[in-house]
There are 4 protein chains.
Amino acid sequence: MTTGKPLRVGMVGYAFMGAAHSHAWRTAPRFFDLPLQPRLTAVAGRNADAARAAADRLGWESVETDWRRLIERDDIDLIDICTPGNTHAEIAIAALEAGKHVLCEKPLANSVEEAERMTLAAETAAKQGVLSMCGFSYRRTPALALAKRFVEQGRLGDLRHVRAQYLQDWLSDANAPMTWRLDKSKSGSGSLGDIGAHSIDAAQWVSGQNISGVSALLETFVPERPLAGDLVGLGGHGDLSSDAPRGKVTVDDAAVFTAKFDGGASASLKPRVTRWAGRTPCVWS
Amino acid sequence: MTTGKPLRVGMVGYAFMGAAHSHAWRTAPRFFDLPLQPRLTAVAGRNADAARAAADRLGWESVETDWRRLIERDDIDLIDICTPGNTHAEIAIAALEAGKHVLCEKPLANSVEEAERMTLAAETAAKQGVLSMCGFSYRRTPALALAKRFVEQGRLGDLRHVRAQYLQDWLSDANAPMTWRLDKSKSGSGSLGDIGAHSIDAAQWVSGQNISGVSALLETFVPERPLAGDLVGLGGHGDLSSDAPRGKVTVDDAAVFTAKFDGGASASLKPRVTRWAGRTPCVWS
Amino acid sequence: MTTGKPLRVGMVGYAFMGAAHSHAWRTAPRFFDLPLQPRLTAVAGRNADAARAAADRLGWESVETDWRRLIERDDIDLIDICTPGNTHAEIAIAALEAGKHVLCEKPLANSVEEAERMTLAAETAAKQGVLSMCGFSYRRTPALALAKRFVEQGRLGDLRHVRAQYLQDWLSDANAPMTWRLDKSKSGSGSLGDIGAHSIDAAQWVSGQNISGVSALLETFVPERPLAGDLVGLGGHGDLSSDAPRGKVTVDDAAVFTAKFDGGASASLKPRVTRWAGRTPCVWS
Amino acid sequence: MTTGKPLRVGMVGYAFMGAAHSHAWRTAPRFFDLPLQPRLTAVAGRNADAARAAADRLGWESVETDWRRLIERDDIDLIDICTPGNTHAEIAIAALEAGKHVLCEKPLANSVEEAERMTLAAETAAKQGVLSMCGFSYRRTPALALAKRFVEQGRLGDLRHVRAQYLQDWLSDANAPMTWRLDKSKSGSGSLGDIGAHSIDAAQWVSGQNISGVSALLETFVPERPLAGDLVGLGGHGDLSSDAPRGKVTVDDAAVFTAKFDGGASASLKPRVTRWAGRTPCVWS
């Protein structure tokens, strides 16, 4: 394995998703025969000490304090974007224009305009053999992959409904602290983008059809949350006193909608119906 | 029991729901201490022979071939309406004006205009002590009754979501035959009214809130079905040849929607979100 | 229906099972075309007032205070035994010898010796066309009936395991009161006979095989229970004070075992393995 | 992380469990703050080429073709035993006597005699600060760890039953090939040891009680299986022709039993009852 042609990765961001991606880059070649061997070449973070500590813990060979440096380095083949959504477009477009392959976390962008610019950059780069993808990780879960195969083989007949629910409970506690994920200026959206994006992608990917219409409700059930020191990650929270200063939640914490599918390539297919819940801070016990 | 004051019932219709109601009238006083003792006094049906056979099988004391005769009889206290929806308004209003109590199957009516006239008649009759209700039978299922009690006691906290699914599979077979339930001129609607009505009532009844807004999709996945001889009931179907003459399905066989709740009496409650599927001819195996 | 040839029933006992049987006799002919029409001719109970009240509530035409009188009456065709197990053998054998058909509640008897005498009486009576059966009601539940059909059709292949659990929770509360079901002199056994009997019958009936060996554990987790006034039924219990006088539970309240099956008629089948829990006073919440 | 004191691991065996352990040694320090930093120092396997290929794929620094060499090396602190059960005792005792810490896969040994000798060696070594453990990996699954905490905190009250099922289906196909796991001379037992061992350990560990009596049934439903080239692992199998040469399965492929627990340190606790299925080659679809 160690002798194969390398895929030298430069990762931007090292919090929750950065840790997950580090694990994936490190582990994949141990279980699968890959055409290229990932190397954890460099990780970028604005705070030098924190980035160096993360690099040590997560196994990266070097550190940069500006993601632009990752893109300039000629010993890096791929830029892995694990930052909040408001930075995706700038990093991804710069990387693609520099001829780096790009893996970008979902949701792809915080606006349609950004996503369209990113798509254009990706299409242009693709002509030079530069690859790009968005990190919809559930496509490789065995159950979804099998479902997609069943659909493709026609074993499920015509699809009449797609039902999807993605329920997380970590925000059901009104004292769970603020994170950047609840700040619209960084995350762009709340449950709709953070977990609803997975449902939307899975529904389209498994069904082989695209959504052609939608009716949705967004709600913010907990409009303020205590401010904790560390707002970077997903993780647990300690005993925040109930009189801690509170920050304003500027995104939805529940998303519910129905949609129509376009029936894919076959115009004779009937419109399809789907619906699901996004992340919902429900109390389940 | 046999010596208590009687409640003399006249039932209109004797097919699927008529059989269910007969069972209920016969059984309830054996398990519960009721203030009045139901008597299965008379059943009405247009076909005299069929009505007489049904009366014999279901245990009714007498037969009428015109529902108006039930209303005229002074030995009948309550009219139980088990007919298709297109006849509900006329029968119910006539019964209420004649001072008979009314139990009417759901969905209450085939149009809002009919329902409003029925409500007005019921309110007028109520001043004379005449009772009326719509047959939302699920209110008495133990699980729903317990859920409502939990809501009323505040044990569930603020309600954030109501999710409901009512899935039936008897129409998933494209060769399941036509019934009056699939004929809009009789039933008014399809899965939305037939089973969605239960979900809507249960959601409002358990939550103690009313729906204040809705976005919906209706679909008819199987637009034609074989015509069988007997179109009155729900029941099974034999081996209908695939080239049997086919009738047009004029109602939805799937209904999906999201709704907002009004927060009940308390204006400070946030709008609520709900969604569910109506009857859906999905293949589950 | 009312004109068909009658099946005149005399029922012994009118508590929990008596109420259930009354309901069944009353209801079955309304839903099924039966060759004979059940009539609720007479019910027997030792206490005349209580028996008469039960007859009125449950719909029986007459009352006897000695089950022997039911057997003597020539207007009764079938004896339905709904009493505790310690009386089954005497009543059933007397009825069979008098030429009455017998339906006997499960468990059939409180000892193998009793059961063998009952079987002998039933076999002798059968030669005169007298029918008898034990009330294993689950055989007619649609799921079990379908499972049996699948086994008979070979659609499940060779059976390798039978797993069964019958879990009831009404005795999980250590303050649930004594009933005759917990008194070995009346019931003969506890969860093993009361609900385990259903599992054993279902396992043999669905598989088409007989149990040929067994290893079992019986436990009595709650050895004493408060004495309430009414020990006849299953039903609910109020707020028994914790210092109410207590009676000794003399049967198991949990039964667990493994068994081998004999492979039925086919000697080439391998021994089969089964296991299940009987009633277990577990707390599930 | 890279600067912490190392724990230099020597692993024996590199098949299914060897790959899993390699992953664990590599990953644990990335997610947890460990007092020692695992190093994948050497792996041992009899076939030099295969061992070298495995070392490369799984990330081991060096290779030995005799496990005794691992024990002799003074740059190795811990011996990780991932071989079939028939070799556990010899390797573990030699390692302990050489002062190496030992992690041994389950089931610990193929006989009680072996297990007792291993225990004695471990107790002797423990006095010199040498640690040893058996690889019951499920103890760290969050659900079981939480269950154990609930038991310890008394939140479940007195335990009355322990029910456990460990169902695998990879042997339900009678054409799944032979592996060493089905050869008693190597594995010692079948489903009982391979997966039943997990259930037994979990039941004792979560309940805090030890099994004091048992009644069991072992079955071998598929007595012969096709011989494939590679018998080392668990993995998938291709299209083995049904006339491939077959090997004899010499262990159980199902294990079912009931057991009593001793009530732990408190003699006043009642005997407890448990039961479970081991691996069972059932067809679930």
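**A helix contact in chain D and its surroundings**

In chain D, helix 6 contributes D:Leu144, D:Ala145, D:Ala147, D:Lys148 and D:Val151 to a contact in which helix 9 of chain D supplies D:Ala202, D:Trp205, D:Val206 and D:Ser207; contact here means heavy atoms within 4.5 Å. Of the residues of this contact between helix 6 and helix 9 of chain D, seven are nonpolar, one is polar and one is charged, where Ala, Val, Leu, Ile, Met, Phe, Trp, Tyr, Cys and Pro count as nonpolar, Asp, Glu, Lys and Arg as charged, and the others, Gly among them, as polar. Two packed helices are described by the angle and the distance between their axes. For helix 6 (residues 142–152) and helix 9 (residues 196–207) of chain D, the axes come within 8 Å and cross at roughly 35 degrees, the axes being lines fitted to C-alpha atoms, for helices over the stretch in contact, with angles from 0 to 180 degrees between N-to-C directions. Helices (H or I, at least four residues) and strands (E, at least two) are DSSP runs numbered from the N terminus.

The model is predicted, with local features requiring pLDDT of at least 70 and side-chain atom pairs counted only at pLDDT 80 or more, whereas totals for chains, interfaces and linings use all residues. Residues are numbered from 1 along each chain as its sequence is written, chains are lettered from A and ligands numbered from 1 in the order in which they are written, and side-chain values use heavy atoms, leaving out hydrogens and water.

Chain D also holds an open sheet of six strands in the order 3-2-1-4-5-6, with parallel pairing; two strands pair if DSSP finds at least two bridges between them. Its edges are strand 3 (62–64) and strand 6 (132–134) of chain D, each of which pairs on one side only, and from one strand to the next the twist averages 25 degrees. Strand 2 (residues 37–44) of chain D pairs with strand 3 of chain D in the parallel sense over three bridges, and D:Ala42 has D:Ser62 in strand 3 as its bridge partner.

Helix 4 (residues 88–97) of chain D is mostly covered, with seven of its ten residues buried, that is, under 20% relative accessible area, while exposed means over 50% and partly exposed in between (1.4 Å probe, protein chains only). The buried residues of this helix are D:His88, D:Ala89, D:Ile91, D:Ala92, D:Ile93, D:Ala95 and D:Leu96, and they pack against strand 1 (6–12), helix 3 (67–72), strand 4 (78–81), strand 5, helix 5 and strand 6 of chain D. After helix 4 of chain D comes D:Gly99, with a positive phi near 85 degrees.

In the loop between strand 5 (101–104) and helix 5 (112–126) of chain D lies D:Pro107, joined to D:Lys106 by a cis peptide bond with omega of about -10 degrees. Most peptide bonds are trans. In chain C, a cis peptide bond joins C:Lys106 and C:Pro107, with omega of about -10 degrees.

Strand 1 (residues 6–12) of chain C has five of its seven residues buried, so it is largely enclosed by the rest of the structure. Strand 1 of chain C pairs in the parallel sense with strand 2 (residues 37–44) of chain C over seven bridges, C:Val12 standing opposite C:Ala44 in strand 2. Strand 1 of chain C also pairs in the parallel sense with strand 4 (residues 78–81) of chain C, over four bridges, and the bridge partner of C:Val9 in strand 4 is C:Leu78.

For chain B, six strands form an open sheet in the order 3-2-1-4-5-6 with parallel pairing. Strand 3 (62–64) and strand 6 (132–134) of chain B stand at the edges, each with a single partner strand, so one side of each is left without a neighbour in the sheet. Strand 4 (residues 78–81) and strand 5 (residues 101–104) of chain B pair in the parallel sense over four bridges, with B:Asp80 opposite B:Leu103 in strand 5. Helix 4 (residues 88–97) of chain B packs on this sheet, touching strand 1 (6–12), strand 4, strand 5 and strand 6 of chain B, and its direction makes about 175 degrees with that of strand 4 of chain B.
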